[in-house]
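Please look at the sequence and the structure before reading on.

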Amino acid sequence: MFERPQSGERAVLVHLTLQANQEDLSELRELAKSAGAEPVCVVVGNRRSPDSKYFVGTGKLEEIRQAVEEHSADLVLFNHSLSPSQERNVEKALNVRVVDRNGLILDIFAQRAQTFEGKLQVELAQLRHLSTRLVRGWTHLERQKGGIGLRGPGETQLETDRRLLGVRIKQIQARLEKVKKQRHQGRLKRKKAEISSVSLVGYTNAGKSTLFNALTGANAYAADQLFATLDPTLRNCLLPNNTEIVLADTVGFIRHLPHELVAAFRSTLQEASEADLLLHVIDANAEDRDDTIFQVNQVLTDIDAYQIRQLQIFNKIDLLPDVKPHVDRDDTGNAVRIWLSAQTGEGLDLLQEVLAESFTPSKIRRHCRLRPDQAGIRAKLFDFAKIINEQCQDDGGWDIWMEIDQKKLGLLKDVVMEEF
């Protein structure tokens, strides 16, 4: 059902300027190239509102048909979201495969997924997208035909396919629920160990993976293409003040991210919605950077992560003239914006210093002696402190050497302690 098309397909791009929706044509080109298509022609136009049957008008449809014939194209890519009926009608009129913006993004995600979880999430999104477009594959069975063995096969086949799709969707959802629980357990362990988490978020191709590699020394895949990173990666990161944090590299966002993807990747995006700090990576060299900032914040709102503290990282300053690495602070002295280049390493030290400010270590080392009747306190210490050494005493008590957060010292208010 999901056989990958051969790369290098010749594609005609269709881009309409609508009053209610302004799309970026250059982004469509990048999406097409990321999917492995070869853009051979661009058809543009203006409309007040989409046509209910073809999305484009009949005149523009004829222009697209001529472009397909002239360039021997076998694919038409729309920079818009088409309804299932519009997609079928255009395909029937042009006699070539038609893919809308959502389908194109799903196609790229299918190519990028590497982990078991990522592949499941993409398949779930594809199945949800496909479920509304099943009839397209059975147009030769749509009409009732007379004769024995030819009565109503279309309806029967469609119903069978829908049932099979429903079964597969439930299977994938059950598997993803297990993965979600595993991720949740991992986050609980980090919270118990009081390790702060920081998530990299931002528009696709803003440089998140390059920054991630620069901060952690990891070798995550980074490339100058849309959605180079799909599967989330977590690594420990040691700050200059010896504080350890967990850094998460997440999938990039884009305008009108398909709802099927947001729903399917909710467990992955949970890393961002439960982080202690979001590093919002922004391409400082992008002409539409203000719009991309808005689009990212829209997605963060959708996943209930907008209230988490954000630190804006203006990346790729090496492409800007006369811009040096620096930190912008608000009236209270808190850092709100950092200008750097993850590619060249300029300004990374400033980011690490700001992160160290945000996560100041509060752990202290103490030695305490517990009486035999203080076993309850001892049990709590094993939950909330890092036990370095323990010795049992002749009277049944304990000598404990530990590392504990200052906020937890209230547990030991009746215990004699000393530094070591």
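The notes below treat an open sheet, a helix and a single arginine in turn.

The model is predicted: local features need pLDDT of at least 70 and side-chain atom pairs count only at pLDDT 80 or more, while totals for chains, interfaces and linings use all residues. Residues are numbered from 1 along each chain as its sequence is written, and side-chain values use heavy atoms, with hydrogens and water left out. Helices (H or I, at least four residues) and strands (E, at least two) are DSSP runs, numbered from the N terminus.

**The open sheet**

- Seven strands form an open sheet with mixed pairing, in the order β6-β7-β5-β8-β9-β11-β10; two strands pair if DSSP finds at least two bridges between them.
- At the edges stand β6 (233-238) and β10 (326-329), each of which pairs on one side only.
- Neighbouring strands in this sheet are turned by 25 degrees against each other on average, direction ignored.
- Strand β7 (residues 244-249) pairs with β6 in the antiparallel sense over six bridges, and Leu247 in β7 is the bridge partner of Arg235.
- Helix α10 (residues 289-302) packs on the sheet and touches β5 (196-202), β8 (277-283), β9 (310-315) and β11 (335-339), where contact means heavy atoms within 4.5 Å.
- The direction of α10 makes about 150 degrees with that of β8; axes are lines fitted to C-alpha atoms, for helices over the stretch in contact, and angles run from 0 to 180 degrees between N-to-C directions.

**Helix α2**

- The 13 residues of helix α2 (residues 58-70) should span 18 Å at 1.5 Å a residue, and the end C-alpha atoms are 18 Å apart, which agrees; the expected span is 1.5 Å times one less than the number of residues.
- Leu61, Ile64, Ala67 and Val68 are the buried residues of α2; buried means under 20% relative accessible area, exposed over 50%, and partly exposed in between (1.4 Å probe, protein chains only).
- These buried residues fall within an arc of 120 degrees seen down the axis of α2, so they line one face of the helix; the arc is that of the directions from the helix axis to the C-beta atoms.
- The buried residues of α2 pack against β1 (9-18), β2, β3 (75-78) and α3 (84-94).
- Turned away from the buried side is a face with the exposed residues Thr58, Gly59, Glu69 and Glu70.

**Arg47**

- Arg47 lies in strand β2 (residues 37-47) and is partly exposed, with a relative accessible area of 29%.
- Although Arg47 and Leu18 are 29 residues apart in sequence, they are 5.3 Å apart in space, C-alpha to C-alpha.
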